[in-house]
Amino acid sequence: MKNKSALLLQVKNLKTYFYLDEGVLKAVDDVSFKIQKKMVLGVVGESGCGKSVTAQSILRIVPDPGKIVEGEIFLHQDGKVTDLVKLDPYGKEIRAIRGKEITMIFQEPMTSLSPVHTIGDQIMEAILLHRNMNKNEAKELTLEMLYKVGIPNPYQRINEYPHQLSGGLRQRAMIAMALSCNPSLLIADEPTTALDVTVQAQILELMKELQAEFGMSIMFITHNLGVIAEVSDEVMVMYLGKAVEYASVDEIFHNPLHPYTVRLLRSIPKVGKKARTRLDAIKGTVPLPLDLPPGCSFYPRCPEAKKGLCNKEDPSLVEVKKGHWVSCFLYK
């Protein structure tokens, strides 16, 4: 584990709801966590558990009709603490932070990059907006970043459009854009999901190298536990808009406590297992977080649920041992 003395980002009791005709959809419901400087926080969970909305809340880019209804997001920079929730999402303050101090790599670069502008123009725009450089200096930095992220022949690629690049090269271009302003925090929202295994391994290795070079923190969002084991220092497991377990990566993999985390780990295919053996899957699916019944959100799928308790009360996140938090009545 790295030195955890310097705090970079602290999220406290964050609630982000979407007000729909069908009711209130609680995408993020009372989530708290911390990200230390030069650390990697892995956020893992099934699709629809609120991982991406948590990231959007930090950057203040939650799409309509969603909004942050409660909570605080403190950014610690240069001895100054800023509550991002209190900033105007369209104001100058958050726009100076977004893209400069906090950047994001989106899940699918083809829909995140402009199809009518070259890769070079898009990276240069971010540099000119956030750094005190002229066009020639911005172009030189763009070429340098394209080279650093492993894009071959950057002098040619800088003038190409997103559709002319493969999926892996587009993702590398997104990483180059995100790191061009030397951010304090990089939010990577499933950056390797659409890539094949070989390219995925290259991207993960690249991100580890660049983190060591730039000294940034990373919030790595994924549903792949293998990726979490590879890159993370600490892990937050999310289920239905809540953090159900939070601990170091070693604790999560060697001493999981929440029944959901235990079953997530059991569902990973293992080398050496008998052929044609069924995976230990979690029964059921994540329900829509809309007008949920009282009690623990994992109750309908939990084999260790206690009727009369788990379906009546919602467990709070408690620290069962130093640095290991879990939300379950088994450890109350």
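## A buried leucine

L59 is buried, because its relative accessible area is 5%, under the 20% cut-off. You'll find L59 in helix α1, which covers residues 51–59. Keep in mind that this is a predicted model.

What does L59 touch, once its neighbours within four places in sequence are left aside? The contacts are I94, R98, I102, M104 and I187.

## Two helices side by side

Now find helix α7 (residues 167–179) and helix α8 (residues 197–214), which pack at an angle of about 15° with their axes 11 Å apart. That angle is under 35 degrees, so α7 is roughly parallel to α8. The crossing of α7 past α8 is right-handed.

Who makes the contact? From α7 come G168, Q171, R172, I175 and L179; from α8 come V199, Q202, I203, L206, M207, L210 and F214. Sorted by type, the residues of this contact are 8 nonpolar, 3 polar and 1 charged.

## How confident is the prediction?

The protein chain has an average pLDDT of 86, and 97% of its residues score at least 70. Among the chain's elements, strand β9 (residues 234–239) has the highest mean pLDDT, at 94. Helix α3 (residues 109–112) has the lowest, at 72.

Definitions and conventions: Residues numbered from 1 in each chain as written. Predicted model: local features only at pLDDT ≥ 70, side-chain atom pairs only at ≥ 80, totals over all residues. Heavy atoms only, no water. Axes fitted to C-alpha atoms, helices over the stretch in contact; angles between N-to-C directions. Helix = DSSP H or I, 4+ residues; strand = E, 2+ residues; numbered from the N terminus. Parallel < 35°, antiparallel > 145°, perpendicular 65-115°, else oblique. Left-handed = near helix turned anticlockwise from the far one by under 90°. Contact = heavy atoms within 4.5 Å. Nonpolar A, V, L, I, M, F, W, Y, C, P; charged D, E, K, R; others polar. pLDDT = per-residue confidence, 0-100. Buried < 20%, exposed > 50% of the residue type's maximum accessible area, 1.4 Å probe, protein only.
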